[in-house]
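Visitor: I would like to learn how to read a structure like this one. Could we start with the place where two chains meet?

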Amino acid sequence: MGEAVLLLLVAAICSFCAMAWFALAKPAHWRQVRRGTPLAHGTRRALQVAGSLALLLSLWLCLRADAPSMAALVWLMLLAVSAAAVAFTLSWRPHWLRLWWPGR
Amino acid sequence: MFANFRQAMAWVHTWFGLVLGYVLMVAFFFGSLSVFDREIDRWAVPETRFAAQPMPSFDTVLKPVYDKLRAHPDDMAATALRVEGDIPHPDTLPLVSLYAYTTHRDPVLQIGGEFAIPNKPIDASDDHQHVHGWASIDPRSGAYLSEDKLQVGSDFFYPLHYGLHLHWKNLGYWIVGLAALIMLVALVTGVVMHRKLFKELFTFRPHKRTQRSVLDLHNLTGVVALPFHFFFAFTGLLIFAGIYFPLSQTALEPLAKQHEVLQAERTGLPHEPAGIAAPLASVDAMVAEAKRRWAARDMPGEVGYLYMDHLGDANGYVSIFRAGSDQVALVGQGVHFKASNGGVLREDPPLTPVFAVNEFLTGLHLQHFRHWLLRWLYVFGGLAGCVCIATGFVFFVEKRKRQMAGQSAMLVRWVDALAVTAVTGMLLATATMLVANRLLPEDMVGRGVWQERLFWYSWLAALAHAASRSAPVARGLMSPAWREQCWAYAALAVAAVLLNWLTTGDHLGKTLAASYWPVAGVDICLLLSAAVAVRSARLLRVREGVRAQALATTGHAPLDALEPARG
């Protein structure tokens, strides 16, 4: 039981990271977080790749924690909550997301 | 009529969404509450505040319980309309089938059964010659729970979610079904209308003017939870497909009957009684055998559903299903026994893909599984749906405030008043019901009915209040009813928590120390929602003031530019 909780916790964190990176890969949000610095093309690619990997990692963790039928539901709902959480962070505390991509 | 496809879709989205949005609001909100229906029951019926119980022994506990079960007066009255002559007294009616259902969250057990009646049906094709009885019992003692102890979560909020408590000709099911269908339409048309679905996926600008930020929130809550919205509207329709397409009782009735007979032949579970009396062997021994078989298949579990047909007859059988705590499907892995000797008639084989998909889709909606994280994620999805609908209403009103004149002013006032009623009014009615649940005397006759009445009366009062306070809307201002009802909700929610403490002694300190989450959880949610309501009321006050000031200084309805940025 304890192991499943830990797996799901990490899955939730991965899911939030994935959404945060996808958001940063959008020039408007990047500028919002980085105080107007333009988003370089390479950085954008890197963010998209990181986001996709985190998304897959999150799914894999969900599958480790529960049976596949349940895991699919948990994963989809985690993505929904994470996307909303990222959107609200961008609305009120955009600079927090700087931690998710400390580089340029 | 429309310049392009997108405009046509926008028209459908706006008007169908507006009309059925009110129903959807009810379905989404009470659906969200129903995720924790059993927990709300514990809060509302303090004598059931004990740990969840497994299915009790049939031989020692349940047998005498079913001996005391009688046909329910409601179903006696309903059946009397369908049959000729008077139905004999309930005490004389023989029980022919019975069931018991429990989940990992149930301290009390739901039981019921069918009683045979000798009356002829008025409609010759009506072959359902039974009256039903049902009850909730304490599985530790077998004591019946009084119906006046209304289980607010599972007996009121949950049926409200799918049937609106409109029983006449199943009208409630049809209205909610239509709303679910329109929900699917609204999702598709909404996606078509949305020009920047992915580009603005994470966009919410609370500091822009109301119309813009409300639309952001509408898009955000609609899009991030899109799979949830789609699957819940779809599976909701699927669960009641038998009502919406009653083919097995209409066009395909002969085929359906034939299928029942053939299926009985195939499975070996008798379709008809033999007419020969027979005793009942030990059901506990059958349960033990079923559990042994589940363990042998490497899926040990508890009994979720127990069913017996043709009671006291040589053809009688007992079906034992495993509780689906660890799976999406509700129950499964049925093992069926001959009632008279306890011999195994059949062990259900693994489901065919079609049945497995159906069980998955209905199970994901009805959620009897043990997964607290997923439960909370569902609450998030449901409340996101509520926010999406509510912001849809507000956007409709805000958009029209700028071009208001004559008839449209009246429409907009009503839309706004109904939106207040559907959002804060619904919360008010819910909190009123919980307060009534704690205030009405414990031994009052009709205590359950009065809780329901007070729910509806308070909702009507909220409508009257919203309608009487909507005049400022026609001048492009904000109705003060939103703010006033937020305050009222906050007061009632806090009152409910305090009354729970006063009447039962179970304050948060105690329930938290004992980790009794059903009651602690309801109390915490009431307090948190009260805090949100107070914060909302304060923000609304600020926005109201800003607009009224703009109106006073410029002499006309405040345009967008006059509403300064704030969050």
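Guide: The size of an interface is often given as the accessible area lost when the parts come together. In this predicted model, chain B and chain A bury about 2,100 Å² between them, and carbon and sulfur atoms give 83% of that area.

Visitor: Which three residues of chain B supply more of its buried area than any other three?

Guide: They are B:F202, B:H371 and B:L377, which supply 31% of the area that chain B buries against chain A. As for contacts, 26 residues of chain B touch 24 residues of chain A.

Visitor: How many salt bridges and how many polar contacts cross the interface of chain B and chain A?

Guide: The rule finds 0 salt bridges there, and 3 residue pairs in polar contact. Helix 7, helix 8, helix 12 and helix 13 of chain B each give two or more residues to the side that touches chain A. The largest share, 6 residues, comes from helix 13. By type, the residues on this side of chain B are 19 nonpolar, 5 polar and 2 charged.

Visitor: How should I read salt bridges elsewhere in the structure?

Guide: Side chains of opposite charge can pair when their charged atoms come close. Over all chains, the search finds 28 salt bridges. One of them joins A:E3 and A:R64, at 3.8 Å from N to O. A:E3 is in helix 1 of chain A and A:R64 in helix 3, so this pair ties together parts 61 residues apart in sequence.

Visitor: Is A:E3 buried or exposed?

Guide: A:E3 counts as exposed because its relative accessibility is 53%, over the cut-off of 50%. A:R64, at 45%, is partly exposed.

Visitor: What does a salt bridge in chain B look like?

Guide: Take B:K149 and B:E442, whose closest N and O atoms are 2.7 Å apart. The two residues lie in loops and are 293 residues apart: B:K149 between strand 3 and helix 5, B:E442 between helix 14 and helix 15. B:K149 is buried at 16% relative accessible area, while B:E442 is partly exposed at 40%.

Visitor: Where do B:R483 and B:E544 lie?

Guide: B:R483 is in helix 17 of chain B and B:E544 in helix 19, so their pairing ties together parts 61 residues apart in sequence. The closest N and O atoms of this salt bridge are 3.0 Å apart. B:R483 is buried, with a relative accessible area of 12%, and B:E544 is buried with a value of 12%.

Methods. Residues are numbered from 1 along each chain as its sequence is written. Chains are lettered from A and ligands numbered from 1 in the order in which they are written. This is a predicted model: local features need pLDDT of at least 70, side-chain atom pairs count only at pLDDT 80 or more; totals for chains, interfaces and linings use all residues. Side-chain values use heavy atoms; hydrogens and water are left out. Contact means heavy atoms within 4.5 Å. Buried area is the accessible area (1.4 Å probe) that two parts lose on being put together, summed over both. A salt bridge is a side-chain nitrogen of Lys or Arg within 4 Å of a carboxyl oxygen of Asp or Glu. A polar contact is a pair of N or O atoms within 3.5 Å; within protein, one must be able to donate a hydrogen and the other to accept it, and residues adjacent in sequence count only if both atoms are side-chain atoms. Helices (H or I, at least four residues) and strands (E, at least two) are DSSP runs, numbered from the N terminus. Ala, Val, Leu, Ile, Met, Phe, Trp, Tyr, Cys and Pro count as nonpolar, Asp, Glu, Lys and Arg as charged, and the others, Gly among them, as polar. Buried means under 20% relative accessible area, exposed over 50%, partly exposed in between (1.4 Å probe, protein chains only).
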